[in-house]
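Please look over the sequence and the model shown here before reading on.

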Amino acid sequence: MSDVPILVAEGVTKHYGARLGCRDVGFELWPGEVLAVVGESGSGKTTLLNCLSARLRPTTGSIRYRMRDGAMRDLYTLEEAERRRLMRTDWGFVHQNPADGLRMTVSAGANVGERLMALGERHYGHIRDTALSWLERVEVATDRIDDDPRGFSGGMRQRLQIARNLVTRPRLVFMDEPTGGLDVSVQARLLDLLRGLVGELGMAVVIVTHDLAVARLLSDRMLVMKDGRVVESGLTDRVLDDPHAPYTQLLVSSILQA
Amino acid sequence: MTTPRLAVRDVAKSFTMHLRDGICLRVLDGVTFTVAPGECVVLGGPSGAGKSSILKIVYGNYAADAGAIVVDGGQGGLDLATATPRAVLAARHATIGYVSQFLRVVPRVAARDIVAEPLILRGIDRDEATDRAEALLARLNLPARLWSLPPATFSGGEQQRINVARGFIARYPLLLLDEPTASLDAANRAVVVDLIREAKTEGGSFLGIFHDEAVRDAVADRVIDVTHFTPATP
Amino acid sequence: MTAPAYNFAYLDEQTKRMIRRAILKAVAIPGYQVSFASREMPMPYGWGTGGVQVTAAVIGPDDVLKVIDQGADDTTNAVSIRAFFAKVADVATTTRTEEATIIQTRHRIPEAPLHEGQILVYQVPIPEPLRFLEPRETETRTLHALEEYGLVHVKLYEDIARHGHIATTYAYPVMVEGRYVMDPSPIPKFDNPKMDHSPALQLFGAGREKRIYAIPPYAQVVSLDFEDHPFEVQTFADPCALCGATGVYLDEVILDDRGGRMFVCSDTDYCEGRRGEAEA
């Protein structure tokens, strides 16, 4: 385990005019750690995710990231070129709707290979082999490599989006409701796949979800958000088994026991 | 005197039920005991006395309201009551294992992989981890044809054996056992007793709940009556 | 005589200055697309309005103009643009590549080597090489600014995945001076190597899209490819049926409705020159 955090958020606050997105959120995330941010719609969890992933400048507060050279850098003082390079190499972002994260008109192979080509890989055979092995890993039939994702099911598209993000072995992956909008059985398969990949690749993950079962299965730690603030945080099973905040107790008591 | 593996001191636990007008249930008070290296301490008392709660507090599932829970796996003591979540995770990785009563089934993961996972997370080679997992499952008489299947459809006894194997494979310095033999037949109960005895000779410590008196008598060095820790009714 | 109703070369002096400034900037930043205030011209978009404005901005009374369309001097587009400048600038025109000081072109680079002092003006329909995968102009500009060119290879990858080889045969993307990826206009990729280290100045004008870009003389122009699928130009099995030339770009000519056809030089001036030499 590493002794230095990979991501440090301090006092992250975002206002949309007079309206509050999130207020005074702070935490540290270490390599290999999965942090779930849970809360209902409008709780500010997506605002927080966008701030953390350098997509939305917070009104106040800082978010620092440990670059591959070990230096801690404030995300919002990075040059745009550096920020974009992070986003396509060191980071991944898995959108709830796969169409937001995929190129729908190019083949599955090119979707997976794009990041490699962006990094300067110029050997078609290598790119294709890598794409094939990633399709296999995310359980997309390899004979679909030349098909574009418009013909894929929702679950397949989501698995393709994951492969497209993980192909560069990112150190930090953001996920926004990655299982939302999928059938329950498809969700289970995806969760299982994610759990395996996260363990295997040792990446840090910030996952936003309203589904406590997803948080329990994937995450080590949790932040519970309500009205833009963190109302409770801690070890995932501690928060779920021994919730302290009234809102967390309400959330936990509201889930159907399977 | 050697440093205890686990030293619990003056731990209290209550639950505030915000959804029920904020009533406060006090379940434990003044919990104090130690577990020495190589010792098996059994929590005794009627159901509802708080035995499982003590295990969950030691493992970190429940937050203690007060007191200290110092665990020492050999790298110096860590007070779990005040440790950061990250430190608790590290202790779970290296020092404290937990065999719960029921297996939390992960869909689509094969039995042998569930058992081998703690070793793989410690960086042990996958083949070696798998070999050790299979050896342990064989010892617990789980038929080899089940090893490659996900345990979701297994019987209670089969699932419990996977749970036991997953807990014992990593040789945690401190293993918490919550009724590990409840759904096992006599032969497999005997295997679990042997596993505990073997681990003890190597310095492994145990804190457990056993309703089966024969098993308890076979493994327990001491029995702690948890009714001593029941809070005085206000 | 220049018709009195027209300024020299049709455009007013202020407009020509504005275009020249854009051209100078384009020359200074090889391969970079410079915006300019494209004017309405007395011809429809798609007929070379961008190229005509560039030519109008650089042409002088002593210039000799050649205009080709698909390599030919005698197609409608070429004839009308040549006639246009003969009328509004009173310049000499030619079909001879060697004699021309300015060559405006659509779809070809002449076969005869260009020399220093010549200007090749390309008519460009879509100047943005990343447009096929990225519709947002704000994003393509950022991609150019930050040299994020993975998308170009995505397109080439798709070609190989679908056809077994890079099937892009015209408007084949190039990297200019190791910095900007550029669309060479819809010339056949056969002509791409001629752009590299050319002694002539190459100017590109897109009228509808309001962009000018340039390759200064002797600039490096590299056609993009994969290590295991290197850039290759088209080859033709037979020589030109009229002049016997090999190693030139050929057009297919249908002779009848019974499948009769022949392949002849697309560059009519080059073909005629060779035939003239053979007769002499």
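## A helix in chain A

Which residues are buried in helix α10 (residues 246–254) of chain A? In this predicted model, A:Y247, A:T248, A:Q249, A:L251 and A:V252 of that helix are buried, where buried means under 20% relative accessible area with a 1.4 Å probe, protein chains only. Helices here are DSSP runs of H or I with at least four residues, strands are runs of E with at least two, and both are numbered from the N terminus.

The buried residues of α10(A) pack against β3 (34–38), α8 (212–218), β9 (221–226), β10 (229–235) and α9 (236–241) of chain A, and also against β1 (6–17) of chain B.

## How the chains meet

Two pairs of chains are in contact (heavy atoms within 4.5 Å), and of these, chains A and C share the most contacts. Chain B and chain C, by contrast, do not touch, their nearest C-alpha atoms being 33 Å apart.

The contact between chains A and C draws 21 residues from chain A and 21 residues from chain C. About 1900 Å² is buried between them, with carbon and sulfur atoms giving 58% of that area; buried area is the accessible area (1.4 Å probe) that two parts lose on being put together, summed over both. In chain A, the residues that lose the most area to chain C are A:R84, A:R122 and A:Y124, which together account for 38% of what that side buries.

Three salt bridges are found across the interface of chain A and chain C, a salt bridge being a side-chain nitrogen of Lys or Arg within 4 Å of a carboxyl oxygen of Asp or Glu. One joins the side chains of A:R84 and C:E139, at 2.8 Å from N to O.

On the side of chain A that touches chain C, the elements giving two or more residues are α2 (80–88), α4 (108–118) and α5 (124–137) of chain A, and α4(A) gives the most, with five residues.

## Contacts of a tyrosine

Leaving aside residues up to four places away in sequence, C:Y157 touches several residues of chain A, including A:M117, A:Y124, A:I127 and A:I145, as well as C:F226.

## Basis of the values

Residues are numbered from 1 along each chain as its sequence is written, and chains are lettered from A and ligands numbered from 1 in the order in which they are written. Local features need pLDDT of at least 70 and side-chain atom pairs count only at pLDDT 80 or more, while totals for chains, interfaces and linings use all residues, and side-chain values use heavy atoms, with hydrogens and water left out.

Terms used: Buried < 20%, exposed > 50% of the residue type's maximum accessible area, 1.4 Å probe, protein only.
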